[in-house]
Amino acid sequence: MNVALASLPAEPGQENEDFAAVAPGAAVLLDGAGVAGAETGCVHGVAWFSSTLGGLLLGSITAHPARPLADCLADAIRGVRSLHEDTCDLAYRASPTSTVVAVRVGVDALEYLVLGDSTLLLVNREGETTAVTDRRLDEVGKRLRGPVDALPTGTPEHAAALAEYRDALTGLRNRPGGFWIAGPDPLAAEHALAGTVPLDSLASVTLLSDGATRLVDKFALADWREVLAVLDSTGPDGLIRRVREVEGGDLDGRRWPRGKAHDDATVVRWPLS
């Protein structure tokens with residue numbers, strides 16, 4: 001069966017900092033991040049970083065099928081670094097970063113890697129769902145974002161509190177007690193969640209950026225079984241449309257506090273049976 005992919009930027013005409021790509025037997029999804037309103041230290045920008053890293057990662061995991069996914073990610077991070085370390089300040093606090101989800105089909109098993117707050121949704125042949133998500137960023141965020149969530153999204157006060165929150169969050173990036181994400185340091189790959197699942201137990205896998213998982217983890221309007229039902233009936237495009245409909249009814253974030261009214265949203269849906 002064919003893989004289905006949909007991706008939508010947060011706002012029309014805005015650059016999409018998500019990236020997803022598929023090759024025979026492999027798929028990757030990355031959600032690029034910077035610090036809103038701040039210089040990144042990189043002349044290329046966040047979208048370039050996530051797409052370049054994603055392309056190199058997909059190439060590595062397909063070219064080297066026996067190499068662990070974490071090692072492939074470390075290689076890809078080194079590759080991106082070599083492409084712009086002579087032109088960009090990679091030690092800058094707001095240097096571009098990205099979440100990573102990668103999967104590769106082997107002879108008997110599906111290998112996976114998750115780094116950052118994107119999600120891998122595994123569905124077995126009985127229809128049971130398992131979501132693999134790196135919660136370390138969420139756990140750090142909960143400790144810091146109280147002042148942000150107390151203010152309406154889009155107001156000057158919210159923007160100021162959000163800037164302070166993101167600055168504090170950046171200080172905890174890629175260090176013990178904080179969270180791990182793909183940036184200029186290949187050591188981050190060692191902290192990814194990685195594992196294998198017997199291939200004959202799986203019906204499908206779905207890769208989702210956090211802009212596409214809001215019905216579950218931000219709005220609590222659905223569980224993963226209900227998300228699966230939306231995907232089965234309307235595909236990745238339908239799931240993203242559903243998220244946008246809900247976001248449109250709460251643009252000021254009073255019901256569901258969040259940094260942005262909308263976020264880039266990407267879904268890769270891969271049936272395996």
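Me: Buried means under 20% relative accessible area, exposed means over 50%, and partly exposed lies in between (1.4 Å probe, protein chains only). How does V3 count on this scale of relative accessibility?

Reply: This is a predicted model, in which local features need pLDDT of at least 70, side-chain atom pairs count only at pLDDT 80 or more, and totals for chains, interfaces and linings use all residues. The relative accessibility of V3 is 32%, so V3 counts as partly exposed.

Me: Leaving aside neighbours within four places in sequence, with which residues is V3 in contact?

Reply: V3 is placed in the segment before β1 (4–8); helices (H or I, at least four residues) and strands (E, at least two) are DSSP runs, numbered from the N terminus. Contact means heavy atoms within 4.5 Å. Beyond its neighbours within four places in sequence, V3 is in contact with V22, V268, R269 and W270.

Me: Which strands are the edge strands of the open sheet?

Reply: The open sheet has 5 strands in the order β2-β3-β4-β5-β8, with antiparallel pairing; two strands pair if DSSP finds at least two bridges between them. Each edge strand pairs on one side only, and these strands are β2 (18–23) and β8 (193–198).

Me: At about what angle does helix α1 run to β3?

Reply: Axes are lines fitted to C-alpha atoms, for helices over the stretch in contact, and angles run from 0 to 180 degrees between N-to-C directions. Helix α1 (residues 46–63) lies across β2, β3 (26–33) and β4. The angle of α1 to β3 is about 160 degrees.

Me: Against which helices do the buried residues of α5 pack?

Reply: Helix α5 (residues 156–170) has 15 residues and reaches 21 Å from its first C-alpha to its last, close to the 21 Å expected at 1.5 Å a residue. That expectation is 1.5 Å times one less than the number of residues. The buried residues of α5 are H158, A161, L162, Y165, R166, L169 and T170. They pack against α3 (136–144) and α4 (146–149).

Me: How many residues apart in sequence are the parts that D232 and R269 tie together?

Reply: A salt bridge is a side-chain nitrogen of Lys or Arg within 4 Å of a carboxyl oxygen of Asp or Glu. D232 forms one with R269, the closest N and O atoms being 2.5 Å apart. D232 is exposed at 54% relative accessible area, whereas R269 counts as buried at 9% relative accessibility. Because D232 lies in helix α7 (residues 224–248) and R269 in strand β10 (residues 265–271), the separation of the parts in sequence is 37 residues.

Me: By about how much of a helical turn are R242 and E245 separated?

Reply: R242 forms a salt bridge with E245, with the closest N and O atoms 3.6 Å apart. R242 is partly exposed at 38% relative accessible area, and E245 is exposed at 53%. Because they are 3 residues apart in helix α7, their separation is about one helical turn.

Me: With which residue does D134 form a salt bridge?

Reply: D134 is buried, with a relative accessible area of 3%. With the closest N and O atoms 2.8 Å apart, D134 forms a salt bridge with R136.

Note on methods:
Residues numbered from 1 in each chain as written. Heavy atoms only, no water.
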